[in-house]
Amino acid sequence: MDPYREYQDYVIAHRLRAVLGHVPGKCYSLSEYAALRLRRGELVRKLVARQGDSALLSRIEQITEDLSYGFWSNPSVLKSFMRRLSPVVCPVLESPQTFETLLTPNELTRLEPGLAGQYYLAWFRLPGLLNEPVAFEEALRQQEALSERLGLFLDEFHQVVG
C-alpha cells in the first residue's frame, strides 16, 4: 500500500474515532506516524524471529491501536469497532455527505462531493460479506476503483512550504 494513502486513512480513522469518542491518543504527524510504523515493523520481525515475548506482542498491539493500523481494510477490526459503537445513531455515519464533515473545507475542495464519504463508508460493508467470498471480492474491487479516484486530499499533503 502507498504509505501516503496509509497515512491519509489513519488520519481519517483518527478523526472518526475522535468524533465517536474512541480516540487512542493524539493524531500523529506524518513523520511521527512513519517512525511508529517502522518501529511496529521492526517489532513484528523480532516476534516472527522468536526474539520476543508477550511484552513484545503487547507493544505491537499498542502501536497497532495507536496507528489505527488496518482500521479500514481489516474486516475484523471494523466489526470490533462497530460493536463498540453506541446504539444511538452516529450522524457522521449516516451518509457520505455527513461523513465528510470530518474533512476540512480545503480538503473538500480537492474532492468530488461525497466521494470520500462513499469510499470510507463502503468499508463498513466488508464485515457482513466475510462469508460471501464472491461478494467480498467484488466489494474490494469497488473499493479499489474508488481509491483510484480519491487521491491524496489531506491538507498535510498540500501545504505550501515558504
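In the predicted model, helix 7 is largely enclosed by the rest of the structure, because 7 of its 8 residues are buried, that is, they fall under 20% relative accessible area. The buried residues of this helix, which spans residues 115-122, are Leu 115, Ala 116, Gly 117, Tyr 119, Tyr 120, Leu 121 and Ala 122. The cover over these buried residues includes helix 1 (3-19), helix 5 (96-99) and helix 8.

For helix 7 and helix 8, the latter formed by residues 133-150, the angle is about 150° and the axes lie 10 Å apart. Since angles over 145 degrees count as roughly antiparallel, helix 7 and helix 8 are therefore assigned to that arrangement, and helix 7 passes helix 8 in a left-handed crossing.

On the side of helix 7, the contact is made by Leu 115, Ala 116, Gln 118, Tyr 119, Tyr 120 and Ala 122, which meet Gln 143, Leu 146, Ser 147, Arg 149 and Leu 150 in helix 8. Grouped by class, the residues of this contact comprise 7 nonpolar, 3 polar and 1 charged.

As to confidence, the protein chain has a mean pLDDT of 89, with 94% of its residues reaching 70 or more. Among the elements of the chain, the lowest mean pLDDT (85) belongs to helix 4 (residues 75-84), whereas the highest (97) belongs to helix 6 (residues 105-109). Where pLDDT is low, the predicted coordinates should not be read in detail.

Methods
Residues numbered from 1 in each chain as written. Predicted model: local features only at pLDDT ≥ 70, side-chain atom pairs only at ≥ 80, totals over all residues. Heavy atoms only, no water. Axes fitted to C-alpha atoms, helices over the stretch in contact; angles between N-to-C directions. Helix = DSSP H or I, 4+ residues; strand = E, 2+ residues; numbered from the N terminus. Parallel < 35°, antiparallel > 145°, perpendicular 65-115°, else oblique. Left-handed = near helix turned anticlockwise from the far one by under 90°. Contact = heavy atoms within 4.5 Å. Nonpolar A, V, L, I, M, F, W, Y, C, P; charged D, E, K, R; others polar. Buried < 20%, exposed > 50% of the residue type's maximum accessible area, 1.4 Å probe, protein only. pLDDT = per-residue confidence, 0-100.
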